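Colleague: I'd like a close look at one spot, with the rest of the model built up around it. Could you pick a side chain and work outward from there?

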Amino acid sequence: PEGFTHPGSPNGEFKKETDIMDVWFDSGSSWNGVLVNRPNLTYPADLYLEGSDQYRGWFNSSLITSVANHGVAPYKQILSQGFALDGKGEKMSKSLGNTIAPSDVEKQFGAEILRLWVTSVDSSNDVRISMDILSQVSETYRKIRNTLRFLIANTSDFNPAQDTVAYDELRSVDKYMTIRFNQLVKTIRDAYADFEFLTIYKALVNFINVDLSAFYLDFAKDVV
């Protein structure tokens, strides 16, 4: 409104901007003001990240303005994500009362459960979230945590300088687990490079539940 003021404004007051050709043109040329003119950033950007609705929006307008001016895209890669739906697959809306506040999730389950849920879904598509779904994720988290606690409890006095065993001297089962662990590390690193976070989640959970808990740790309990 006319005459509106705010102490954060350099001049103490605001005025309506009328020099706007198109909002998508303005946002689509942001690479020039952000990337080109800041020495601590690179142009083109390593990654543009937005919702799946931006292929015809920001991604497209940024591409057009950058190619028109410099002949190159303003980004090296694009990563898009879907939208969060409720447990029934319906769009979240305050009027429907089916929204979930992250603060409520943190209070009931903790922030780690919300982080783990993000990796447990294919975020390139629309994803469902509900307290029931998060409860299932918390069970997975509990299995991971309990397995790690068991490992820590049984290796707390391990001294690498004194207790390390050369690979050639390991038992066959230990060599097998070493190979499986290295395979897991490669899978996770490759998945991170390709932004395949769901692959990381599946590989890690499978390794902990199957290779460690159901096989190796169960076997190790019977070895004197």
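Modeller: Let's start at Glu 112, which counts as partly exposed because its relative accessibility is 42% (buried means under 20% relative accessible area, exposed over 50%, and partly exposed in between, with a 1.4 Å probe and protein chains only). One caution before going on: this is a predicted model, so local features need pLDDT of at least 70 and side-chain atom pairs count only at pLDDT 80 or more, while totals for chains, interfaces and linings use all residues. Residues are numbered from 1 along each chain as its sequence is written, and side-chain values use heavy atoms, with hydrogens and water left out.

Now, what does Glu 112 pair with? Its partner is Arg 115, and the closest N and O atoms of this salt bridge are 2.9 Å apart (the term means a side-chain nitrogen of Lys or Arg within 4 Å of a carboxyl oxygen of Asp or Glu). Side chains of opposite charge can pair when their charged atoms come close. Arg 115 counts as exposed because its relative accessibility is 51%.

You can find a related arrangement in helix α8, residues 172–193, where Lys 186 and Asp 190 are 4 residues apart, again about one turn of the helix. Here the closest N and O atoms of the salt bridge are 2.7 Å apart. Lys 186 counts as exposed because its relative accessibility is 53%, whereas Asp 190, at 38%, counts as partly exposed.

Then there's Asp 174, whose salt bridge with Arg 171 brings the closest N and O atoms to 2.8 Å. Asp 174 counts as buried because its relative accessibility is 11%, while Arg 171 is partly exposed with a relative accessible area of 36%. The structure holds 6 salt bridges, these included. Across the whole chain there are 22 positive and 29 negative side chains, and the centres of the two sets lie 3 Å apart (Lys and Arg count as positive and Asp and Glu as negative, with His and the chain ends not counted; each charge is placed at NZ of Lys, CZ of Arg, CG of Asp or CD of Glu).

Stepping back to the fold, the chain has 9 helices and 4 strands (DSSP runs numbered from the N terminus: helices are H or I with at least four residues, strands are E with at least two). In sequence order they read α-α-β-α-β-β-α-α-β-α-α-α-α. The C-alpha trace spans about 80 × 45 × 35 Å along its principal axes. A compact globule of 224 residues would have a radius of gyration near 17 Å, but this chain comes out at 25 Å (taken over C-alpha atoms, with the globule rule being 2.2 Å times the number of residues to the power 0.38). Buried residues make up 25% of the 224.

Leaving aside its neighbours within four places in sequence, Ser 52 touches Ser 80, Gln 81, Gly 82 and Phe 83. Its C-alpha atom is 8.7 Å from that of Leu 79, 27 residues away along the chain. Ser 52 is partly exposed, with a relative accessible area of 30%. Ser 61, in helix α3 (residues 58–70), counts as buried because its relative accessibility is 9%. Not counting residues up to four places away in sequence, Ser 61 touches Trp 24, Ser 27 and Gly 28.

Most residues other than glycine have a negative phi, and most peptide bonds are trans. The bond from Tyr 43 to Pro 44, however, is cis, with omega near 5°, and Pro 44 lies in the loop between α2 (30–36) and β1. Phe 195, in the loop between α8 and α9 (197–221), has a positive phi near 60°. At 26% relative accessibility, Phe 195 counts as partly exposed.

Methods: Contact means heavy atoms within 4.5 Å.
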